[in-house]
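Subject: Structure handover

Hello,

Here is the structure I promised to pass on. Please open it beside this email and follow along.

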Amino acid sequence: MSQTKQPPGKPVRFILRHAYRLACANAGAPGVDGATFERIEAEGLDAWLASLREELALETYRPAPVRRVMIPKPGGGERPLGIPTIRDRVVQTAAKLVLEPIFEADFDDGAYGYRPGRSATEAIKEVHRLICRGYTDVVDADLSKYFDTIPHADLLKSLARRISDRHVLWLIKLWLKAPAEERDGEGKRRMSGGKTSTRGTPQGGVASPLLANIYMNRFLKHWRRSGRGEALRAHIINYADDFVILSQRYAAEALAWTKVVMTKLGLTLNEVKTSVRDARTERFDFLGSSFGPHCYQRNGKRYLGASPSEKSVKRMKTKVNDVLVPGNVQPWPDVCNQLNRLLRGWSAYFSHGTRSRAYRAIDHHVCGRVRHFLSRRHKVPGRGTERFPSDLIFGGLGVLPLDYRRGPYNQTSRKAGCGKSARPV
């Protein structure tokens, strides 16, 4: 197995400058130091990059604490998000530029999360393709707090198998051991983690997705090398900390094997959320899509399909509501552009499978919310259906319809099932 003794590629100053541009393009909130891209550039970007390069060369660089904030989870509850400073984001981005190609060669074909040229939509397509081919005995798996429980020692061993440069390993260890800073309701600072921490890579860090993929690859590689795929007639489709095992009659055995291996890796399956499903008779959700039995609306015949899940539709409706709040006083063209960006992104993500029912549900909700929003703004009495009919909303007012029958804006959004690979249930 090949190793790298020092980071390949362009000189450090060019890598850091490129990393800065990428970090700037991703924007993001400031870290604990409050530094913004505008302030860095106003004070002199060249001097800032030169100082950072010198710290790295002299090994005096130390990451700042990450700013921890709690964000709502789609299914309820909250999860911690660690926001590094811009300085640390730039160094992590530079390291990622160097390390990602090295580890890409090792990653399993069934892994789709946070990889160049791969996407969640491709993972959705592959799951659909496999269930249509008869891999309908499913392990719908859920890892408990994966990012927070990755063992540092084992992760560093995985890294050391491909990286012999002690300086790079030292940098990664510094990031793993960086403390987290939180502020309570009164603004008092509280620190956690730090040098004594032995687990976790904070979600929000630039390097965290790559590190998470590297550790998950231990599980996927063991599956492949132990011949489990052939023995259990099964495939794993993985996206970051989410994965499903699609088997032909051996789902229970695949789940038992997975529990043993995850325990050895220091990880835990969520017993409540992990289940075995028969996709021929019941649906399961993965990456926002619902897989399993669907019905053709015209004749009622059943087929194995994929469609946006009910939770995904509900979350989208909530996002539409957040745009069309009474407090949004922007001019209508700006509001419409904001709304259309949201709709385009959602329809691009859910561009595979049976979409017409979900698209119509979103269109109906958008139409009602836009009508209510404009009626309040223009003080129109009643519900505003005469002043703002749907044809006007999806026509002259410029709102993007997802259902192709509403207008010329999305002619490719027709209903799609399994196509040639469709299997009656």
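This is a predicted model: local features need pLDDT of at least 70, side-chain atom pairs count only at pLDDT 80 or more; totals for chains, interfaces and linings use all residues.

**The chain as a whole**

Now step back. The protein chain has 15 helices and 11 strands. Its C-alpha atoms fill a box of roughly 70 × 60 × 45 Å along the principal axes. Is the radius of gyration what a compact globule would have, or what is the value here? A compact globule of 425 residues would have a radius of gyration near 22 Å, and this chain has 24 Å, which agrees.

Of the 425 residues, 48% are buried. The accessible surface is about 21,900 Å². Carbon and sulfur atoms account for 51% of that surface. Next, look at contacts between residues at least 6 apart in sequence. Of these, 67% join residues at least 24 apart.

**The cavities**

Rolling a probe the size of a water molecule over the atoms shows where empty space is left. This structure holds four cavities of 30 Å³ or more.

The largest cavity has a volume of about 120 Å³. It has 15 lining residues, and Val-66, Gln-92, Trp-175, Pro-202 and Gly-205 are the closest to its centre. The elements that give two or more residues to this lining are α4 (86–104), α8 (166–176) and α9 (208–225). By class, the lining divides into 10 nonpolar, four polar and one charged.

The second largest cavity has a volume of about 50 Å³. Which residues line the second largest cavity? They are Gln-92, Ala-95, Lys-96, Leu-99, Ile-172, Trp-175, Ala-207, Leu-210 and Leu-211. Helices α4, α8 and α9 each supply at least two residues here. The largest share, four residues, comes from α4. In this lining, seven residues are nonpolar, one is polar and one is charged.

Is Asn-213 buried or exposed? Asn-213 counts as buried because its relative accessibility is 6%, and the cut-off for buried is under 20%. Leave aside its neighbours within four places in sequence. Asn-213 is then in contact with Phe-107, Gly-113, Tyr-114, Arg-115 and Ala-240.

Two of these contacts deserve a look. Tyr-114 lies in the loop between α4 and α5 (120–132). Its phi is near 55 degrees, a positive value in a residue other than glycine. Tyr-114 has 44% relative accessibility, so it counts as partly exposed.

Ala-240 lies in the loop between β6 (234–239) and β7 (242–247). Phi of Ala-240 is also positive, near 55 degrees, and this residue is not glycine either. Ala-240 is buried, because its relative accessible area is 5%.

**Phe-284**

Last stop: Phe-284, in strand β9 (residues 284–286). Its relative accessible area is 1%, so Phe-284 is buried.

Which residues is Phe-284 in contact with, leaving aside its neighbours within four places in sequence? The list is Val-127, Ile-131, Val-138, Asp-140, Val-244, Leu-246, Arg-277, Ala-279, Ser-289, Ser-290 and Phe-291. Pick out Val-138 from that list. Phe-284 and Val-138 are 146 residues apart along the chain, and their C-alpha atoms are separated by 8.4 Å.

That is the tour.

Best wishes

Key
Residues are numbered from 1 along each chain as its sequence is written. Side-chain values use heavy atoms; hydrogens and water are left out. On a 1 Å grid over the protein atoms alone, a cavity is a set of points where a 1.4 Å probe fits but cannot get out, and a pocket is an open set with protein on both sides within 12 Å along at least five of seven lines; lining residues have an atom within 4 Å of a point. Grid points are joined across faces, edges and corners, and a volume is the space filled by probe spheres set on the points. Ala, Val, Leu, Ile, Met, Phe, Trp, Tyr, Cys and Pro count as nonpolar, Asp, Glu, Lys and Arg as charged, and the others, Gly among them, as polar. The radius of gyration is taken over C-alpha atoms; the globule rule is 2.2 Å times the number of residues to the power 0.38. Buried means under 20% relative accessible area, exposed over 50%, partly exposed in between (1.4 Å probe, protein chains only). Contact means heavy atoms within 4.5 Å. Accessible areas come from the Shrake-Rupley method with a 1.4 Å probe; for residues, only the protein chains shown count as cover.
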